[in-house]
Every structure is written in C-alpha cells, then in structure tokens.
Amino acid sequence: TRFCAGILSTARHLTIEQKMADYSNKLYHQLEQETGIQTGYTRTGSIFLAQTQDRLISLKRINAGLNVIGIPSEIISPKKVAGLHHLLNVHDLVGAMHVPEDAVVSSADVALALASAASQNGVQIYDRTSVLHVMVKKGQVTGVETDKGQIECQYFVNCAGQWAYELGLSNEEPVSIPLHACEHFYLLTRPLETPLQSSTPTIVDADGRIYIRNWQGGILSGGFEKNPKPIFTEGKNQLEIQNLQEDWDHFEPLLSSLLRRMPELETLEIMKLVNCPETFTPDMRCIMGESPAVQGYFVLAGMNSAGLSFGGGAGKGVCQDIWLIFLFLVETGFHHVSQAGLELLTSSDPPTLASQSARITGMSHRSLLVGPCGPARCSHAHSLFHSLTLQSTGDQALEVLQYLFSNDLDVPVGHIVHTGMLNEGGGYENDCSIARLNRRSFFMISPTDQQVHCWAWLKKHMPKDSNLLLEDVTWKYTGTGVRVLATQWFRCCHLGACGQTSSGRGGSVALYALHVYNEVMSVGQKYGIRNAGYYALRSLRIEKFFAFWGQDINNLTTPLECGRESRVKLEKGMDFIGRDALLQQKQNGVYKRLTMFILDDHDTDLDLWPWWGEPIYRNGQYVGKTTSSAYSYSLERHVCLGFVHNFSEDTGEEQVVTADFINRGEYEIDIAGYRFQAKAKLYPVASLFTQKRRKDDMELSDLHGK
C-alpha cells in the first residue's frame, strides 16, 4: 500500500467499476474529517489524453457513461489541455477527457484512517500476525489458524494481494485464486524550479502507456510497459512489502514517452526509480465474491493496479454480501484460463481449428457455414458447453431439481425444458436447459462460463446425505452446429441430441464429434461450407432477443424483468427458491425491463457501432444502459439489448416499468456522445427475409385464388 501511486480515478469502461471508484472517492474525501488523520486527499482532476481518433472515441464512450451516473466529465480540445497543464506537449493530441473530481491521496494514510475508523467501531486489528491457513469443516469456513492462535469465524475475506494465491492454497480445502505479481515502475523527481501546485491535474496518456501526477512539487510518473516482468516465477513468494531492484533499461521506453509528453523535465533531477510488486489477473478484472469451493470464504484481490480506486466500493460490496456480477462473474475469478497446449490435448476439435482458437482465446470453438451467400450471411456453432447429469435411486432427483429450478421439470421422458436456478431474490444464478433422460435421471446443459458457479450452487443446495449422484460430464460431449443459409431464408441445425439452450447451444457425444465434423465439411464443400466465429452466434442470438447470462442477465435479474415468464411455473405444485420474491414482484410490478432496440437512423458504414454500456434515453431522459449489441444481418440494422428503468423526474427514485411505459416512449441510444433514434421492442421482430417470404406467399396465394 505504501508504494501505491495514490491516483484516484473514476474513468472506467464498466458501470460497476465507475460506481465503485466513485464511492471510494467520496469515502476518502470524508475520512480526514471523521478520523482526524490527514490522508493527503486533494481534488486535482484527471486529464485522459488521446493521440488517435480511436482513443478519442473510447474516451467519448467513457464520458457518456460517467455523465449519466452523475460523475462530471467532458471532452476537451488540445488547446484546453494546454491551459489546464502548461508543461504538456499537446501537438500530437486529437483531444482529451477531463474528469474534474478525480483526486490524489496518500495511500498509506488512507489505510491508516480506515483502520482507525474500523477500530473506533469495534474492529480488532492484530498487527504482525501471520495467517497459517483457514480452517474448513464440511466445506464451510470455521476459523483461522494464525501464528498466535486460532480465531473462530464463519466468514473469511482473503485480501492478501500478491499473497492471495498462496493463502488460498494453504487452506485445508484449497481455494484457487488466479493472480500473479509483476514488477511495476514509477519514478520520483525533485521539485521543479517553480514547484507544481498541489491542484495540478493528473495526466493519463494511454497511447504513451504512462501516467503523471504532482508529487511534492515534482513529478511522479509510471506506466505499463508492453513487456511486463513477472516475479516469483520460481518458487514461493517470500517477499514482505519492499522495493525491488531498479531496472532503468526496462523503464527506458516509459521514460522516453514521459519526456516526449513533458520535454521540460529533461533537466530535472530524478530522486529514485520505485519498483514494487503489483498483482494482475488473466482478464484484468478484480477477483471478488464468495469462493465456489468453500462456503464463507470470500476473496477481494487482484485489483490490477486499481486497488486504491476500487478499494472503498469493492469493500462495501463484499461486506454487504453482494456479488457484483456484471462482467465480474465468479468464474472469471475462480476458473483458470485454459492453456493452448492443454486445449490441444483435451479438445475434440480438429487440431487445426483447436490450435487456432486456443491461441486466440484459450477456449475451443467450431463453426460451420453453408450456403450461397456473401459476407452479410454468417453463422456459428459452439463446440463446448457445460454438461451435468443428476440421477437417484428414487424420486429424489426430481424433487431436488423442482426445488432448485423455476420451471416444471416433471415432464415426459425425452422432453427438454428451458429453465434456470434462482436465488432468494428471484435473480438468475444459472441459465440452462434440462432433458429428462428417464424417470430418475436428468441431463443439464448451460454455457461454459457457468461451469464452476453452477456446480457450486448445486452442491450448496443439495442434501448432504442422499442417494443423489451429480456428475460433471462436460468432457463427454461437444457440439457441432450447421447453419444453412439461402437467399431469402436460413435454417439452423444442431448435430446433437439435446436441442438448444436459450443461447443457441446444443451437443453430441464427443467421441464422434471429429468424425461428424469431417464428414459435414467434406460433403459441404460443394455448397460453400466454411467456418465462422463466435460473433456470428452473438448476432443471431441478439436479433432473436436471446439474453445471455453474465452479460444481459445476472443474479440481480429476475425472469419477470427479462421476459421469461414462460420459464417460470409458480403453480407447479411445490415451492422453489425465489418463488416468494417472484410472487411479490408479480403483484407489485417490475422496476426494470429488458428491451430490444433497433437503431433507425444509424449508418453502418459511417457511424460508430454500439458495443454495450451505451446510455438509453426515453423522451430525452436517461432510463438505462445497453447490455449487448450486434449487427443483425436478417434485420439489416444494429440491434441492442438493454434494461429500461422508470426514474421519477422529481426524486430520481425507480418506479414500476410497464409495457405501456416502454411502448409509448421515443428512444435514443447514445454512442460515444452521438444519439441515434431507436425502436423499442419487447418481443423478437420478424426478419426482413421472413417478411419478404410472407409477402411472396400472400402474392402467390392471391394468384392461385384468381
């Protein structure tokens, strides 16, 4: 903590990250008054520079997101940048973003103030006490073993930073926490001849890979080099907090970037080059939430050099036992990234496809496209999905599944049910399809990113002593899909035995997958068959209004809020988790509703494309953000999915959202500061191909009638 650069910034792409950083900013601002400990909090503001148009567009997207949640920011010209910071060279800039309420602090003093406030509220802090391991009994935290004795507890939060991984593995039941430390460099200079004022804005030059802030009248500047140096690669992490060795050769590219941005620093005396450990995660998202392996074991680590900005908000979230799930899936933190070599050994895919996709994503995909069509006709099939079987000697399997899932699973053998597991609040913990194999056996498939969480949720709620057999059979199955497209229509066919989930996934026995794939590719050559990618599936599912768990819906989203009432059977004859919450929501109404938006006045070739996270405006008022988007080749329009809220104009409080409220509005989607008109739909719309075919059928019918 004492080596932290002390920069507090709210400029993030994800809304949840923006909110966490904003909470931290407000918390640190009031700490000095509450505790009497000076934290060095100074509101300097931040300037984010753009050397390219692409960078400026990215900043405009962030700016649009900050404004709608009440964080002041604006896009400014290079000339205004020079006016805010006179030492900057702005000749290569195309623009910038100014966030005036960002701040700098003394991170060590903030930690001291937080500890002091906690102590005043009854928290006991044991200094210089080593945690040996966390005690676990029957999968539940029971206490902590330290070098000074045992402490009994029901909950444990691993905030050990660079030591979090080792601490997780030291438990009686190990918890895997995928993070690793790298060397992080920044330099400190003597004060300038005319010392910088304490209110001098912090500079972030992402294209130059550096940040710059005022430090005691001089400069503190560091960055993120293209070739970071991992540490502790040979054996156990033995370091206490200390400064690592200087490496000026490694820091030279960042120093050159700094001098290009601030040429007047060339003659300034450098005091020292700080080299300190900083932990990073595979996907650059922090790891937070309860471990799927041990109940009561929470993790808050892997902040990717944003620990100061996220610390207050993330701590609040964990303390309130809230899983901040939007693009922070539990699997993101606790599921190791696949290695290409391992993928090649275990994949059912042809080696050429597996090696290509493993190098790119660490996951394996297979896609087939058939038909006389151009670039505007694309299709995809996913090769891997999560599969589970649950069986029992009696009727216990059905009873457990009926309690865990919202839909009615008491169906004839061979039937498939689209459903999901809910929490007590009615939110989705899982989105899946279940096939009844026989009277006492069920087969479940769901997207791969739910594998760890789904298994943990089932094990958590299943009877401890029972005749149930739960088996993960993902390794046994793969999926090979073929989309056949013609001029005016397309047909989707999964070569598998279990149909599709709501995301369009199906499967077959992995043993035969390679043979099936080779046969299909061979026969399909004369039809122009080719492999397509994952974004094709994304396009197809969005234009069909299929929500994706972890992106469009999460554990705070109920079926009634995303149009999935048909997947809930409130009167199926027995209780299930989340039923009471859904009954209350059905009576009181929903406060948000997943909606499809079709962009009207948007030029695909000239205008910026939507990604996700774009603000949604209804009659000029902000009502929510998009959750996913894609170009629909069938509709020949960009399509976005997003939640619509009904905020009171007087108080800002959320009100009930009705179908009439959505249908009566005029909508706009804000893409990097430009608003585009959009039509709101609560149900999928017919494709242009379908409309034309219906028109042709009607004309043909009229002709026959005559």
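Modeller: Quick ground rule: contact means heavy atoms within 4.5 Å. This is a predicted model, so local features need pLDDT of at least 70, side-chain atom pairs count only at pLDDT 80 or more, and totals for chains, interfaces and linings use all residues. Residues are numbered from 1 along each chain as its sequence is written, and side-chain values use heavy atoms, leaving out hydrogens and water.

Colleague: Where does H6 bend?

Modeller: H6 covers residues 248-261, 14 residues in total. The bend at a residue is the angle between axes fitted to the seven residues ending there and the seven starting there. For H6 that angle is about 30°, at Leu254.

Colleague: Which strands do the buried residues of H6 pack against?

Modeller: Buried means under 20% relative accessible area (1.4 Å probe, protein chains only). In H6 that gives His250, Phe251, Leu254, Ser257, Leu258 and Arg261. They pack against S3, S11, S12, S13, S14 and S15.

Colleague: Which residues of H4 make the contact with H1?

Modeller: The axes of H1 (residues 15-35) and H4 (residues 107-120) come within 10 Å and cross at roughly 60°. On the H1 side, the contact uses Leu27, Tyr28, Leu31, Glu34 and Thr35. From H4 come Val110, Ala113, Leu114, Ala117 and Gln120.

Colleague: What share of contacts between residues at least 6 apart joins residues at least 24 apart?

Modeller: The separation here is counted in sequence, within the protein chain. The share is 69%.

Terms used: Helices (H or I, at least four residues) and strands (E, at least two) are DSSP runs, numbered from the N terminus. The expected span of a helix is 1.5 Å times one less than its number of residues. Buried means under 20% relative accessible area, exposed over 50%, partly exposed in between (1.4 Å probe, protein chains only). Axes are lines fitted to C-alpha atoms, for helices over the stretch in contact, and angles run from 0 to 180 degrees between N-to-C directions.
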